[in-house]
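Notebook open, model loaded. I'll jot down what I look up as I go.

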Amino acid sequence: MPDWFAMFGLSVPVLEQIIRGTITYLVLVLLMRLVGRREAGGLGLTDVLVVVLVADAASSGLTGSADSIADGMVLACTILFWSVVVDAASYRWPWFSTLVKAQPRTLIRDGELNRSSMRRELMSEDEVISQLRLHGIEDPARVARAFMEPNGMVSIIRNEDEPPEPDQPGKPFLS
């Protein structure tokens, strides 16, 4: 016969779990903000953080390594609560957004590589050129702006007076 209280009852005080979840979430948001944005791939850093933390919190209740399912759910709810609060505060107060959300970083400005931004993102010139090639551009001089976006992707704005590269599928080459 299952022990229903052990499975669904709380083994740790709710306030302690909320404090632990809050501190863990906020410290990890800060650390991930300092690490940079290339590590996340196509997701935002806070998106990755929330998924990992919620999965970990919920898994303790699923695997039985925690004392109860309720403990895992309190932690998961705390993490989701802070994720919504951080997003809402970022929307409401732009100054707060600059603290917790990554901003686009200029990699190329008017055809010139921005070495300080590249250094901050730990990107070599070869990596930037590789990203240009993925967008069908061989020469940085053809780029008005290139940005490292908060989700880790590189976006490129071509010079307006430059036609697209001739080998780009689906884009006509004007001569």
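In what order do the elements of the chain run from the N terminus on? I read α-α-α-α-α-β-β-α-α-β-β. That comes to seven helices and four strands, taken as DSSP runs numbered from the N terminus, with at least four residues of H or I for a helix and at least two of E for a strand.

**Ground rules.** This is a predicted model, so I only read local features at pLDDT of at least 70 and side-chain atom pairs at pLDDT 80 or more, while totals for chains, interfaces and linings use all residues. Residues are numbered from 1 along each chain as its sequence is written, and side-chain values use heavy atoms, with hydrogens and water left out.

**Whole chain.** I looked up burial: 38% of the 175 residues are buried. Buried means under 20% relative accessible area, exposed means over 50%, and partly exposed is in between (1.4 Å probe, protein chains only). The chain exposes about 10,900 Å², and 64% of that comes from carbon and sulfur atoms; the areas are Shrake-Rupley values with a 1.4 Å probe. I also checked contacts (heavy atoms within 4.5 Å). Of those between residues at least 6 apart in sequence, 56% join residues at least 24 apart.

**Cores.** Nonpolar side chains tend to be buried together in soluble globular proteins. I searched for nonpolar cores, meaning sets of buried Ala, Val, Leu, Ile, Met, Phe, Trp, Tyr and Cys residues joined through side-chain atoms within 4.5 Å. The largest has 14 residues, and Leu107, Ile108, Val128, Leu132, Val143, Ala146 and Ile156 have the most contacts inside it. Strand E1 (105–109), helix H7 (125–134), strand E3 (143–148) and strand E4 (154–158) each give it two or more residues. A second, separate core has 10 residues, including Leu49, Val50, Leu53 and Val100.

**Strands.** How do E1 and E3 pair, and over how many bridges? They run antiparallel, with four bridges; I count strands as paired if DSSP finds at least two bridges between them. Arg105 has Met148 in E3 as its bridge partner. E3 also pairs with E4, again in the antiparallel sense, over five bridges, and there Arg145 stands opposite Ile157. E3 and E4 make a hairpin with five residues between them, and Gly152 in the turn has a positive phi of about 95 degrees. Five of the six residues of E3 are buried, so I noted the strand as mostly covered.

Most residues other than glycine have a negative phi. I found Asp110 with phi near 50 degrees, in the loop between E1 and strand E2 (112–113). Asp110 is exposed, at 55% relative accessible area. Leu122 has phi near 55 degrees and sits in the loop between helix H6 (115–120) and H7. Leu122 is exposed too, at 67%.

**Salt bridges.** How many does a search of the whole structure find? Four, each being a side-chain nitrogen of Lys or Arg within 4 Å of a carboxyl oxygen of Asp or Glu. I wrote up three of them.

- Glu16 and Arg20 meet at 2.9 Å, N to O. They are four residues apart in helix H2 (residues 14–35), about one helical turn. Glu16 is partly exposed at 33%, whereas Arg20 is exposed at 52%.
- Glu121 and Arg105 meet at 3.0 Å, N to O. Glu121 is in the loop between H6 and H7 and Arg105 is in E1, so this pair ties together parts 16 residues apart in sequence. Glu121 is buried at 4%; Arg105 is partly exposed at 23%.
- Arg115 and Glu125 meet at 3.2 Å, N to O. Arg115 is in H6 and Glu125 in H7, so the pair ties together parts 10 residues apart in sequence. Arg115 is partly exposed at 43%, and Glu125 is partly exposed at 38%.

**Helix H4.** I checked the span of H4 (residues 69–92). Its 24 residues should span 34 Å at 1.5 Å a residue, and the end C-alpha atoms are 34 Å apart, which agrees; the expected span is 1.5 Å times one less than the number of residues. Buried residues of H4 include Ala70, Val74, Ile79, Val86 and Ala89, along with Asp71 and Thr78.
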